[in-house]
Amino acid sequence: MKKLLTIASAIGTAALLAGAATGEARAADKQITLCWAAWDPANALVELSKDFTKETGIGMKFEFVPWTSYADRFLNELNSHGKLCDLIIGDSQWVGGSAENGHYVKLNDFFDKEKISMDDFVKATVVGYSEWPKNTPNYWALPAMADAVGWTYRKDWFARPELQKEFKEKYGRDLAPPKTYDELKQIAEFFQGRDIDGKKVYGAYIFTERGSEGITMGVTNVLYDYGFQYDDPAKPYHMEGFVNSPEAVKGLEFYKELYTCCTAPGMTNAYMSEGLDAFKSGQVAMQMNWFAFFPGLYKDPNVGGDKIGFFPNPAGPDGHFTQLGGQGISVVAYSDNQPEALEYIKWFAQPAVQQKWWELGGYSAMKSVVEAPGFAASAPFAPDFLASMNMVKDFWAEPSYAQLMQAMQKRVSDYVVADQGTAKEALDGLVKDWTTVFEDEGKM
């Protein structure tokens with residue numbers, strides 16, 4: 001930046017004024033900070049954002065923190081009205097609280113002015129990342145990082161003739177990516193404790209982390225497919241018979257069975273990074289994780305390329321859904337650089353930028369990118385990602401989401417990992433916990 005100003009001074013004031021008149025030096029002394037989690041897509045965004053600085057002259061700083069600290073770090077920043085972040089890529093569950101507490105700038109007028117249409121983005125991401133209240137045209141973010149839970153598997157192990165033969169003799173079908181949870185459990189049991197290339201391996205990796213959101217983000221993939229609902233569709237916030245329905249109880253029991261029968265020892269508090277480590281080290285045949293990590297896994301020299309395969313979340317007896325991940329990008333209401341932050345939003349919403357975002361390893365939510373004729377062939381995980389984004393469900397996005405999340409984390413972890421009580425007792429207790437939260441808010 002200083003070097004550019006020195007050069008400008010050297011060539012004279014007239015040239016500098018001419019440059020300013022054409023926009024070449026626009027906002028050359030401005031800089032904005034974007035806050036997000038520290039992971040592979042953030043690195044891709046740094047690379048992508050170089051184009052923004054080149055086009056606008058606005059410098060970019062980035063504040064990235066590990067996922068384990070992400071929510072605490074940035075929710076504290078917002079709640080304290082801090083000025084660190086001009087832009088924030090916040091989790092889908094933050095939208096309600098950030099809107100109602102005035103943390104985010106409402107973007108409707110800006111979108112109208114700049115002709116940015118939410119119809120250009122995948123509907124599930126608009127509802128999940130941008131809207132509050134849900135299913136109303138009130139927008140607090142631009143969909144930034146589409147994501148959902150998917151699965152990876154050891155394609156090279158599945159293809160071994162001796163394993164194919166043994167599996168077919170036992171189950172009467174080919175050893176192939178599972179389409180249902182029953183099939184997934186059979187495959188997990190088949191690989192559990194097996195010796196492959198002189199190493200003991202395990203059937204499946206699933207989320208069990210208790211401290212933030214991990215086990216909830218794992219178990220919901222099963223619960224949704226067994227009939228769990230957050231509340232009565234005809235009577236919001238009334239959860240009895242929906243959260244703890246007989247079908248939901250069976251789903252929670254299944255998740256515990258999968259954890260007990262078919263995971264590696266010691267995976268009692270494991271989330272994203274532990275799953276990546278387990279897969280990369282050759283410990284597991286199948287891994288539950290977020291699509292955001294799949295580009296990096298595909299490039300991994302040990303388990304990527306022809307050795308890795310992908311599949312969407314399997315179906316259950318009462319549905320076929322997957323847990324929504326991902327985030328929207330918002331302008332922080334306490335920023336002193338809102339005009340520049342809005343300019344970044346405008347730039348990021350361009351179709352060409354969204355296409356490059358996908359190519360660099362981010363996950364665009366723009367229809368022109370993901371619905372393009374060649375999208376499915378653009379990456380080996382692209383078809384499964386697209387299928388997943390068309391069947392996502394999300395956790396509560398209420399302002400009280402942190403309390404709701406903490407309650408579910410405890411109830412599910414106590415049952416699945418700590419082996420306390422029954423599945424019905426866990427879900428009955430969760431209904432009580434959540435009812436208390438909503439009664440305190442006057443919503444019941």
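Axes are lines fitted to C-alpha atoms, for helices over the stretch in contact, and angles run from 0 to 180 degrees between N-to-C directions. The model is predicted.

**Helix 3 and helix 16**

Helix 3 spans residues 40-56, and helix 16 spans residues 351-360. They pack at an angle of about 140°, with their axes 9 Å apart. That angle makes helix 3 oblique to helix 16, because only angles over 145 degrees count as roughly antiparallel. The crossing of helix 3 past helix 16 is right-handed. Helix 3 brings Pro41, Ala44, Leu45, Glu47, Leu48 and Asp51 to the contact. Helix 16 answers with Val353, Lys356, Trp357 and Leu360. By class, the residues of this contact between helix 3 and helix 16 are seven nonpolar, no polar and three charged.

**Helix 12 and helix 20**

Helix 12 covers residues 246-262, and helix 20 covers residues 423-440. Their packing angle is about 120°, and their axes lie 9 Å apart. Helix 12 and helix 20 are therefore oblique to each other. Helix 12 passes helix 20 in a right-handed crossing. On helix 12, the contact uses Ala248, Val249, Leu252 and Glu253. On helix 20, it uses Ala423, Lys424, Ala426 and Leu427. The contact of helix 12 with helix 20 holds six nonpolar, no polar and two charged residues.

**Packing values**

| Helix pair | Angle | Axis distance |
|---|---|---|
| Helix 3 and helix 16 | about 140° | 9 Å |
| Helix 12 and helix 20 | about 120° | 9 Å |

Definitions and conventions. Residues are numbered from 1 along each chain as its sequence is written. This is a predicted model: local features need pLDDT of at least 70, side-chain atom pairs count only at pLDDT 80 or more; totals for chains, interfaces and linings use all residues. Side-chain values use heavy atoms; hydrogens and water are left out. Helices (H or I, at least four residues) and strands (E, at least two) are DSSP runs, numbered from the N terminus. Angles under 35 degrees count as roughly parallel, over 145 as roughly antiparallel, 65 to 115 as roughly perpendicular and the rest as oblique. A crossing is left-handed if the near helix is turned anticlockwise from the far one by less than a right angle, and right-handed if clockwise. Contact means heavy atoms within 4.5 Å. Ala, Val, Leu, Ile, Met, Phe, Trp, Tyr, Cys and Pro count as nonpolar, Asp, Glu, Lys and Arg as charged, and the others, Gly among them, as polar.
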